[in-house]
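Dear colleague,

Please find below the structure I promised to pass on. My notes on what was found in it follow directly after.

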Amino acid sequence: MSVAVCVFVLTLSTLNGVVSGVLSSPTNVQLTSRDLNLVLSWDPPAEAPSGLIYTTEFRSLVTDYSPGCVNITTFQCELSNFNISCYGTYIAKVRALLGEDASAWVESKDIMLDRDTLISPPSVSLLPIGQTLEVSIKDPEFKICSLRNVYSIVSYKITYWKEGQEEQERIHNDYQQDRVILDDLDPLTKYCVQVQLITLTNPTESSGVLCERTGDTKNSPVVAAVIACAVIAVAVAVTVPAVVKWKSISHFIWPKVSLPRHFEKSLQATPESSVCLIMQPTEEIAPLSIVTVEESSHEGTKESCYCKQLNGTVGNNCLHPAC
């Protein structure tokens, strides 16, 4: 009887995956997803000894188990870091380790990412424009892929109300437009707004409540913007023709003045008046001496001296000692 009990215990231990020892397995093992991430989490075993570490593995419906986080001391593993698909269905498991002892593997339930992931609330801001409110919406950031690539049918549920009164809802189906104008509002009234992103299957969360007061229609920034645009248009309409016709306009404002023809000729002609000639500066010019040497086989050497003035006359009254 005792032999049969021992065999039963050993068989049960093998089926449970216990390699050695009597370590208890982790509890509450589950896969969760938020914004297309994939996280395996668990609770430590009851009365867990100190120094306990954990190892995880995961797989899809069409693959075998692959290693996840190995020898970690925390109680969760970010499986999004291990090359997963946005459209995959996954299962994961974990076991505890202490030295050479290991607990049995504990497997999670499967999860389909694009169907089961929890979508965070969008980022929302309000801008009062006269008697309206502009609601700006920004998509939540996903761990892998993007919201617009994974989900083709998405809408925003915008809930707004006067402060202290009942809520009103507006469904915004134009998902490509990230700004929505809330009109038909009362001027100088405080409104509160909350936005939730809606898909066909996924659970989603609503944004926080934002409140803003509408403006006065008479002092609407839209009116000011229209006036500014009109002023700019008039300025452009005046400036462009002025630049194009600048040459003609400049000739009209500053006409080109020319002297009479007889004045130009008189200014360009050489002065012949004696007064003008007397006023011209004079300069004393020294004579230029040219000495030539003639050679003769019978009479010896004869030197001649000529003086040539700058006016072209030649004479013998040179200042050269040889003359």
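This is a predicted model: local features need pLDDT of at least 70, side-chain atom pairs count only at pLDDT 80 or more; totals for chains, interfaces and linings use all residues.

Residues are numbered from 1 along each chain as its sequence is written, and side-chain values use heavy atoms, with hydrogens and water left out.

Strands β10 and β11 form a hairpin with two residues between them, and G130 in the turn has a positive phi of about 65°.

Six of the seven residues of β11 are buried, where buried means under 20% relative accessible area, exposed over 50%, and partly exposed in between (1.4 Å probe, protein chains only). E134, which lies in β11 (residues 132-138), counts as buried because its relative accessibility is 15%. Apart from its neighbours within four places in sequence, E134 is in contact (heavy atoms within 4.5 Å) with S125, L126, L127, I129, R179, V180 and I181.

Elsewhere, there is an open sheet of four strands in the order β13-β12-β15-β16, with antiparallel pairing. Its edge strands, each pairing on one side only, are β13 (168-172) and β16 (210-213). Strand β12 (residues 155-162) pairs with β13 in the antiparallel sense over five bridges, and Y156 stands opposite H172 in β13.

As for the protein overall, its secondary structure comes to seven helices and 19 strands, these being DSSP runs numbered from the N terminus (helices H or I, at least four residues; strands E, at least two). Of its 323 residues, 30% count as buried, and residues 24 or more positions apart account for 58% of the contacts with a separation of 6 or more. The accessible surface of the protein comes to about 21,900 Å², of which 57% belongs to carbon and sulfur atoms; such areas come from the Shrake-Rupley method with a 1.4 Å probe, and for residues only the protein chains shown count as cover.

With best regards

Notes
Two strands pair if DSSP finds at least two bridges between them.
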